[in-house]
Amino acid sequence: QKYFDFLMKIYTLVKARDHKMMFWGDIILNHPEYLEQLPKDLIPLAWGYRESLEEDCRKLHELGFRYYACPGTSSWNTVFGDPARAAFNMQCAVKGVLNFQGDGVLLTDWGDKGHSQFPAVSYPAIALFSGLCWNYQVYENWDYSGAVAFLDKVLFQVKNGSLASLLLEAGRMFPKRSTSNDSEPFLWLSMAFYE
């Protein structure tokens, strides 16, 4: 109840200024009894890094909300990223928006625990997602080859070999562990310098 009341206070302030309010929808989606009480001009941002993201899109559509689905690059809490998890999460988000008439998608890229990953670790997922948003049917197989070619040619300007392929392979070798959402031992070795 406190969260709902707080959300409504912010909504009142935003509405008084003639603006539309977006908000992270994870908490309210876990409390369906409040979902139906929300004003329909609120725009929930459905975020989550699992297959239930498509289910969240369905719920929001059935309740009549405009909404965005927000998958992630899955690079946080890692040194090299997790390209397989990122591709799967993006697939759930885009399918949800297409199947349940969402307004769009917003890719997230977090930096938990001191942002141990270099920005370049997120580039393959960002490139894949960009292509996916332009043409979902072409990218339906979630093959990173187009993203790798783009990154090597345009961003990294590699003449021989493939820097993007190395980034992807490192992420595949050390994916996140499902229980802790990080890629130990490399993350904790790097984090030792921050403590």
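Residues are numbered from 1 along each chain as its sequence is written, and side-chain values use heavy atoms, without hydrogens and water. In this predicted model, local features need pLDDT of at least 70 and side-chain atom pairs count only at pLDDT 80 or more, while totals for chains, interfaces and linings use all residues.

**Exercise 1. Describe the secondary structure and burial of the protein chain**.

Step 1. Helices (H or I, at least four residues) and strands (E, at least two) are DSSP runs, numbered from the N terminus. The protein chain has 10 helices and 4 strands.

Step 2. Starting at the N terminus, their order is α-β-α-α-β-α-β-α-β-α-α-α-α-α.

Step 3. Buried means under 20% relative accessible area, exposed over 50%, and partly exposed in between (1.4 Å probe, protein chains only). Of the 195 residues in the protein chain, 42% are buried.

**Exercise 2. Classify the aromatic pairs Phe4–Tyr34 and Trp24–Trp47**.

Step 1. Rings of Phe, Tyr and Trp (its six-membered ring) pair if their centres lie within 6.5 Å; planes under 30 degrees apart count as stacked, over 60 as edge-to-face and the rest as tilted. There are 4 aromatic pairs in the structure.

Step 2. Phe4 and Tyr34 are stacked, at 5.1 Å centre to centre with 25° between the planes. Because Phe4 belongs to helix α1 and Tyr34 to helix α3, the pair ties together parts that are 30 residues apart in sequence. Both Phe4 and Tyr34 are buried.

Step 3. Trp24 and Trp47 are edge-to-face, at 6.3 Å centre to centre with 80° between the planes. Trp24 is in strand β1 (residues 22–24) and Trp47 in strand β2 (residues 43–47), so this pair ties together parts that are 23 residues apart in sequence.

Step 4. Trp24 is partly exposed at 34% relative accessibility, and Trp47 is partly exposed at 25%. Trp24, Trp47 and Trp110 make up one aromatic cluster.

**Exercise 3. Describe how helix α8 (residues 145–155) and helix α9 (residues 163–173) cross, and which residues meet**.

Step 1. Axes are lines fitted to C-alpha atoms, for helices over the stretch in contact, and angles run from 0 to 180 degrees between N-to-C directions. The two axes come within 7 Å and cross at roughly 135°.

Step 2. Angles under 35 degrees count as roughly parallel, over 145 as roughly antiparallel, 65 to 115 as roughly perpendicular and the rest as oblique. Therefore α8 and α9 are oblique to each other.

Step 3. From α8, Val148, Leu151 and Asp152 meet Leu163, Ala164, Ser165 and Leu168 of α9.

Key. Contact = heavy atoms within 4.5 Å.
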